[in-house]
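Please keep the sequence and the model in view while reading.

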Amino acid sequence: MPHLVIYYTANLEPKLDMTALCRHMADAMLAVRDENGKQVFPTGGTRVLAYPAPHFAVADGGATGQAAGGSGDYSFVYMNLRIGKGRTATTHQIAGQALSAAARAQFARLLGSEHMGLTVQIDEGHEVFDAKHSTLHPLFNKAA
Amino acid sequence: MPHLVIYYTANLEPKLDMTALCRHMADAMLAVRDENGKQVFPTGGTRVLAYPAPHFAVADGGATGQAAGGSGDYSFVYMNLRIGKGRTATTHQIAGQALSAAARAQFARLLGSEHMGLTVQIDEGHEVFDAKHSTLHPLFNKAA
Amino acid sequence: MPHLVIYYTANLEPKLDMTALCRHMADAMLAVRDENGKQVFPTGGTRVLAYPAPHFAVADGGATGQAAGGSGDYSFVYMNLRIGKGRTATTHQIAGQALSAAARAQFARLLGSEHMGLTVQIDEGHEVFDAKHSTLHPLFNKAA
């Protein structure tokens with residue numbers, strides 16, 4: 001935790017550098033501070049994974065977009081951040097606004113030229129079992 | 001919202017046209033009407049994404065299927081529709097039955113020839129943060 | 001149900017045989033017995049799907065790992081098991097410990113050589129609609 005998983009239509013693949021976008025989103029996550037100024041997401045636990053969907057269908061498939069003078073090649077990006085339980089509603093809003101602003105900035109050009117949807121959501125996990133093994137956390141905790 | 005994500009074993013990839021299937025499922029979603037006759041899923045918010053899993057394991061791996069005269073090449077399709085909060089239980093059932101019927105129709109041939117599982121579920125999202133940016137919705141709302 | 005979905009950074013792809021790992025995890029699921037000695041996950045309903053993420057970002061991107069003498073090529077594996085409602089908390093723990101032990105064993109070598117995270121979680125589904133069609137279950141139920 002936290003895991004940001006980005007699902008998106010593969011027609012966006014040639015239109016942006018998604019690996020760079022993952023890094024931007026991870027940096028945005030690392031920069032989030034809660035209402036007390038404390039880093040919300042531990043560095044070693046911050047992960048972003050992005051998955052282009054090779055098959056997809058969006059809205060009416062393109063007719064209305066073409067009629068409006070567009071390509072009809074609709075696209076969609078869904079960012080889902082799953083976080084651990086126990087953070088405050090204020091922290092959720094701070095984190096969400098930060099991620100949403102980062103995502104909007106990254107997609108500013110495409111939101112201006114494409115018919116596309118961009119959704120950012122945060123889920124608080126309600127897992128009934130949780131086990132973590134990490135050789136990453138010690139890298140960042142030992143200096144603390 | 002709503003997002004239909006289809007996870008499936010990649011051994012199905014050569015056996016069906018998954019892009020066409022995404023379109024069929026999107027059309028099924030667009031056709032859903034609630035108990036008052038109102039379209040349930042907004043056109044601009046209807047998205048279907050399908051992901052073949054390049055690595056997978058199903059059931060016992062094939063032995064029982066082969067013993068039963070099949071190929072032992074089991075397959076699996078999981079359709080997960082995530083919708084926004086606040087719709088009625090009746091609407092959930094109407095939408096679920098429509099999607100399930102559409103999925104069953106699309107897989108009728110394969111369900112008859114393969115050892116496979118097909119699961120359709122609807123999750124009502126309980127996100128703690130939600131932000132949407134869309135240049136798709138205006139296409140479909142401006143005529144309303 | 002149950003569905004184990006494995007999300008992982010694609011830099012792990014050349015470092016392990018993920019198809020074999022899926023099989024190991026499925027076998028671990030099939031071996032789980034509840035507090036009464038009963039098989040927890042039905043054979044025909046046991047599915048494991050693994051998805052390498054072609055784009056990703058982890059932690060600080062590598063600087064601290066390199067400073068510690070590593071490659072800086074961080075990796076991450078997230079295993080999410082979704083199960084049906086109604087099992088006991090004890091069964092959840094039994095199943096979780098079994099899957100976590102199986103995953104740890106499979107990644108023992110990589111956990112020793114890589115800076116990586118491995119998370120295993122179980123979610124109890126709270127779907128509002130559920131439909132299953134299967135030509136797999138009958139294979140395993142008819143002998144019972």
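Two residues are in contact if their C-beta atoms, placed from the backbone, lie within 7 Å. By that rule, the contact between chain A and chain C takes 30 residues from chain A and 34 residues from chain C. The model is predicted: local features need pLDDT of at least 70, side-chain atom pairs count only at pLDDT 80 or more, and totals for chains, interfaces and linings use all residues. Residues are numbered from 1 along each chain as its sequence is written, while chains are lettered from A and ligands numbered from 1 in the order in which they are written.

**Chain A as a whole**

- Chain A contains five helices and six strands; helices (H or I, at least four residues) and strands (E, at least two) are DSSP runs, numbered from the N terminus.
- Along the sequence, these elements of chain A follow the pattern β-α-β-β-α-β-α-α-β-β-α.
- The C-alpha atoms of chain A fill a box of roughly 55 × 30 × 30 Å, taken along the principal axes.
- Of the 144 residues of chain A, 47% count as buried. A residue is buried if 20 or more other C-beta atoms lie within 10 Å of its own, exposed if 12 or fewer, and partly exposed in between, with C-beta atoms placed from the backbone.
- Among contacts in chain A with a separation of 6 or more, 76% are between residues 24 or more positions apart.

**The side of chain A that touches chain C**

- On this side of chain A, at least two residues come from each of β1 (3-9), α1 (18-31), β2 (47-53), β6 (129-134) and α5 (137-141).
- The residues on this side of chain A divide into 15 nonpolar, ten polar and five charged. Here Ala, Val, Leu, Ile, Met, Phe, Trp, Tyr, Cys and Pro count as nonpolar, Asp, Glu, Lys and Arg as charged, and the others, Gly among them, as polar.
- β6(A) and strand β5 (residues 116-124) of chain C run antiparallel and are joined by six bridges; two strands pair if DSSP finds at least two bridges between them.
- The bridge partner of A:A131 in β5(C) is C:V120.

**Strand β2 of chain C**

- Six of the seven residues of strand β2 (residues 47-53) of chain C are buried, so this strand is largely enclosed by the rest of the structure.
- Strand β1 (residues 3-9) of chain C pairs with β2(C) in the parallel sense over seven bridges, and C:Y8 stands opposite C:P52.
- Strand β3 (residues 55-58) of chain B runs antiparallel to β2(C), joined by four bridges, and B:F56 stands opposite C:L49.

- Leaving aside neighbours within four places in sequence, the contacts of B:M25 include A:A57, B:L4 and B:V48.

**How the copies are related**

- The copies use different surfaces: 3% of the contact residues of chain C recur in chain B.
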